[in-house]
Amino acid sequence: MNRRQFIKGSIVTSGIAISGIVGLNLFINKVSKDKLTTEYALTVIDRLSRQELSSSGVWEPYQIFMHCAQSVEYSMTKFPVHKSRVFKETIGKLAFSAFEHKGQMTHSLSEPIPGAPKIAKHKSAQVALTYLRNTLVAFDQYQGQLAPHFAYGALTKREFEMAHIMHLNNHLDEIIS
């Protein structure tokens, strides 16, 4: 494949992906942004920590909550692997904008963060909820520079807060209490 074919193919693929994201966005009901706060997420975590939990998906509750905590931690440190700069500046920004507009995200619920260590199975959901809670509190208190998101690029603290809560909310779709 020559360079010209590659570029044309990339443009077509990007166009299809963007159309899909925009189209999907039209079918998502808008969620109130006042529930996309760390404070609100902590109340949900506290409620869940008093319940017996299972999952309807591939991952167990421990894996789900640790995965969400990884994302929060990486926003304060560094995501291990990134999409290309072009992806982040086009598809990534468009996807985040669509999610932010609707107050809701959808993504593969069994896909790990690129480059993140594998999360163990058969561990306590309560331990993971406590860890997630502590990580969210640390993020809320964090005053340093935030790391760019692996797919969305640079986000403000408020944008990251919303991204983290939308991410958690999407995974909570598989939690059975």
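This is a predicted model: local features need pLDDT of at least 70, side-chain atom pairs count only at pLDDT 80 or more; totals for chains, interfaces and linings use all residues.
How are helix 4 and helix 6 oriented to each other?

1. The axes of helix 4 (residues 85-102) and helix 6 (residues 157-172) cross at roughly 75° and come within 11 Å. Angles of 65 to 115 degrees count as roughly perpendicular, so helix 4 and helix 6 are roughly perpendicular to each other.

2. If you want to look at this contact up close, pick out Phe96, Phe99 and Glu100 on the helix 4 side. They meet Glu159, Met162, Ala163 and Met166 of helix 6. Sorted by class, the contact has five nonpolar and two charged residues, with no polar ones.

3. Helix 2 meets helix 6 at another angle: their axes cross at roughly 30° and come within 10 Å. Helix 2 is therefore roughly parallel to helix 6, and the crossing is left-handed.

4. In this second contact, helix 2 brings Thr38, Ala41, Val44, Ile45 and Leu48, while helix 6 brings Glu161, Ile165, Leu168 and Leu172. Seven of the residues are nonpolar, one is polar and one is charged.

5. Now for the inside. The largest nonpolar core has 44 residues, and Leu48, Phe65, Leu132, Leu136, Tyr152 and Leu168 have the most contacts inside it. Helices 2 (38-48), 3 (61-76), 4, 5 (125-141) and 6 each supply at least two residues of this core. Helix 3 gives the largest share, nine residues.

6. Apart from neighbours within four places in sequence, Leu168 is in contact with Ala41, Ile45, Phe65, Cys68 and Leu132.

Definitions and conventions: Residues are numbered from 1 along each chain as its sequence is written. Side-chain values use heavy atoms; hydrogens and water are left out. Axes are lines fitted to C-alpha atoms, for helices over the stretch in contact, and angles run from 0 to 180 degrees between N-to-C directions. Helices (H or I, at least four residues) and strands (E, at least two) are DSSP runs, numbered from the N terminus. Angles under 35 degrees count as roughly parallel, over 145 as roughly antiparallel, 65 to 115 as roughly perpendicular and the rest as oblique. Contact means heavy atoms within 4.5 Å. Ala, Val, Leu, Ile, Met, Phe, Trp, Tyr, Cys and Pro count as nonpolar, Asp, Glu, Lys and Arg as charged, and the others, Gly among them, as polar. A nonpolar core is a set of buried Ala, Val, Leu, Ile, Met, Phe, Trp, Tyr and Cys residues joined through side-chain atoms within 4.5 Å. Buried means under 20% relative accessible area, exposed over 50%, partly exposed in between (1.4 Å probe, protein chains only). A crossing is left-handed if the near helix is turned anticlockwise from the far one by less than a right angle, and right-handed if clockwise.
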